[in-house]
Amino acid sequence: MKIKAEMGSTPLLIAALTATFTLSLVTGISGSFLDSGTEAIVQFRLPRSTLAMLSGGFLGVAGALTQNLFRNPLASPSILGIEAGGSLAVTALLVAGLSLNLAPIAALAGCLVALMLVLTFRSNLILSGLAISTAAGSVGSLLLSIALNDPGRAVSVLQWLLGSLSGRG
């Protein structure tokens with residue numbers, strides 16, 4: 001099957017997105033189809049699947065906006081260290097034992113600090129971003145290893161860093 005170049009891959013992408021969304025609604029973690037009615041789908045899977053798709057879409061938009069802002073196709077929040085700055089701030093917050101409700105504010109503050117550091121070295125944008133990302137990742141790993149002494153704290157840090165939709169929707 002050939003797809004015309006001027007048509008692009010949009011219809012194929014929409015079909016794949018629709019299939020993924022539908023399968024996420026009707027199958028569980030085990031991959032088996034649901035036996036019972038629509039209650040589990042409407043109350044749990046539909047809100048979580050919708051949230052996951054919206055979150056992924058927003059992350060894609062953030063990457064595209066970052067590339068456009070810096071006019072560099074290599075620039076992305078992960079390469080520039082912005083993502084690592086937010087992760088480090090949340091890890092420090094949770095290891096210190098502060099409330100999980102403050103995590104979004106800490107993530108935003110960490111991202112802004114990392115962005116300001118990158119902007120101070122604008123001439124070597126990608127290199128400085130990689131350095132910031134590596135440094136923040138290293139300090140975050142150190143804090144996470146400290147948190148392993150308290151299993152509950154370590155689990156909350158890992159759930160935040162890896163992303164969890166449990167309890168959402």
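These legends walk you through close-up views of a predicted model. Local features need pLDDT of at least 70 and side-chain atom pairs count only at pLDDT 80 or more, while totals for chains, interfaces and linings use all residues. Residues are numbered from 1 along each chain as its sequence is written, and side-chain values use heavy atoms, with hydrogens and water left out.

View 1. Helices here are DSSP runs (H or I, at least four residues), numbered from the N terminus. Just after H6 comes Gly-163, with a positive phi of about 85°.

**View 2. The largest nonpolar core.** A nonpolar core joins buried Ala, Val, Leu, Ile, Met, Phe, Trp, Tyr and Cys residues through side-chain atoms within 4.5 Å; buried means under 20% relative accessible area, with a 1.4 Å probe and protein chains only. This core has twelve residues, among them Val-90, Leu-93, Ala-103, Leu-143 and Val-157. At least two come from each of H3 (82–95), H4 (103–120), H5 (125–147) and H6, and H3 gives the largest share, four residues.

**View 3. Around Ala-103.** Beyond its neighbours within four places in sequence, Ala-103 is in contact (heavy atoms within 4.5 Å) with Val-90, Leu-93 and Trp-160.

**View 4. Arg-48 in helix H2.** Arg-48 sits in H2, residues 39–70. Ser-24 is 24 residues from Arg-48 in sequence, with 9.4 Å between their C-alpha atoms.

Conventions. Buried < 20%, exposed > 50% of the residue type's maximum accessible area, 1.4 Å probe, protein only.
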